[in-house]
Amino acid sequence: MSLPQEQALNDVDGRYLRQAIALADKARERGNRPFGALIVAANGRVLAEASNANGESGDCTAHAELSAIRLASPLHCRDALATATLYSSAEPCVMCAGAIFWSAIGRVVYGIDAERLRVFRGERLDQKDAELSCRDVFERSSHPIECIGPSLIAEASQSHQGGWKS
Ligand SMILES: [Zn+2]
């Protein structure tokens, strides 16, 4: 089985994805699994940022992407979100992909992909679970959602080194 190929980013996307990775490291410092996300408007303004808070809150839905969308969605109209980009340190799960769909956010850039993440989770690469790729969700969307990733895999992986032991 081959792993998804890394996609190159331009400087702007690289800068924001690194911010999402920094938010993942913050999550880890606070005792959570290392995930971070931010939403950036077309003009470069950061609309929301969030770190995974599952560990500290006990809320299994406190994923970084979902939390960032909850912050941005009440404050910004769908037209503004449609031209925004959500940067996530890791490939969004199915729940977060669904939230991205409902938010109308039109573009996603992510770091480590779900398959490489499974290695950190201690699962075997050839072990299939119920996980769907976020692209499977986006492809069924009634509006286009551009999806770029995995990108900056080495940097995005660093947050996860030794982060799944306990
Ligand atoms: Zn998620």
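Reader: Two strands count as paired once DSSP finds at least two bridges between them. How many bridges are there for strand 1 and strand 2, and in which sense do they pair?

Author: This is a predicted model. Strand 1 and strand 2 have five bridges, and they run antiparallel. One of the residues involved is Leu38, whose bridge partner in strand 2 is Glu49.

Reader: What's the strand order in the sheet?

Author: The order is 2-1-3-4-5, in an open sheet of five strands with mixed pairing. Strand 2 and strand 5 are the edge strands, each pairing on one side only. From one strand to the next, the twist averages 15°.

Reader: Which helix packs on the sheet, and which strands does it touch?

Author: Helix 1 does, touching strand 1, strand 2, strand 3 and strand 4. The direction of helix 1 makes about 140° with that of strand 1.

Reader: How many residues does helix 1 have, and what is its reach?

Author: Helix 1 covers residues 11-29, which is 19 residues. From first C-alpha to last it reaches 27 Å, close to the 27 Å expected at 1.5 Å a residue.

Reader: Which of its residues are buried?

Author: In helix 1 the buried residues are Asp13, Tyr16, Leu17, Ala20, Ile21, Leu23, Ala24 and Ala27. Seen down the axis of helix 1, they fall within an arc of 155°, so they line one face of the helix. Asp11 and Glu29, on the other side of helix 1, are exposed.

Reader: And what does the buried part pack against?

Author: The partners of those buried residues include the strands 1 to 4, together with helix 3 (64-72) and helix 8 (153-158). Just after helix 1, Gly31 takes a positive phi of about 90°.

Reader: Which residues touch the most other members of the largest nonpolar core?

Author: Ala20, Ala37, Leu38, Ile39, Ala68, Tyr87 and Ile100 do, in a core of 42 residues. Helix 1 gives the most to this core, with seven residues.

Reader: What does Ala37 touch, sequence neighbours aside?

Author: Leaving out residues up to four places away in sequence, Ala37 touches Ala20, Leu23, Ala50, Ala64, Glu65, Ala68, Leu86, Tyr87, Ser88 and Ser89.

Reader: Why does Leu152 count as buried?

Author: Because Leu152 has 24 C-beta neighbours inside 10 Å, and 20 or more is the cut-off for buried.

Reader: What about Ala104: what is its phi, and where does it lie?

Author: The phi of Ala104 is near 80°, positive in a residue other than glycine. Ala104 lies in the loop between helix 5 (94-103) and strand 4. With 19 C-beta neighbours inside 10 Å, Ala104 counts as partly exposed.

Reader: Last one. Where is Phe138, and what is it in contact with?

Author: Phe138 is in helix 7, residues 134-139. Setting aside neighbours within four places in sequence, Phe138 is in contact with Ala97, Ile145 and Cys147. Its C-alpha is separated by 9.9 Å from that of Val94, which is 44 residues apart from Phe138 along the chain. Phe138 counts as partly exposed, because it has 18 C-beta neighbours inside 10 Å.

Notes. Residues are numbered from 1 along each chain as its sequence is written. This is a predicted model: local features need pLDDT of at least 70, side-chain atom pairs count only at pLDDT 80 or more; totals for chains, interfaces and linings use all residues. Helices (H or I, at least four residues) and strands (E, at least two) are DSSP runs, numbered from the N terminus. The expected span of a helix is 1.5 Å times one less than its number of residues. A residue is buried if 20 or more other C-beta atoms lie within 10 Å of its own, exposed if 12 or fewer, and partly exposed in between; C-beta atoms are placed from the backbone. The arc is that of the directions from the helix axis to the C-beta atoms. Two residues are in contact if their C-beta atoms, placed from the backbone, lie within 7 Å. A nonpolar core is a set of buried Ala, Val, Leu, Ile, Met, Phe, Trp, Tyr and Cys residues joined through C-beta atoms within 7 Å. Axes are lines fitted to C-alpha atoms, for helices over the stretch in contact, and angles run from 0 to 180 degrees between N-to-C directions.
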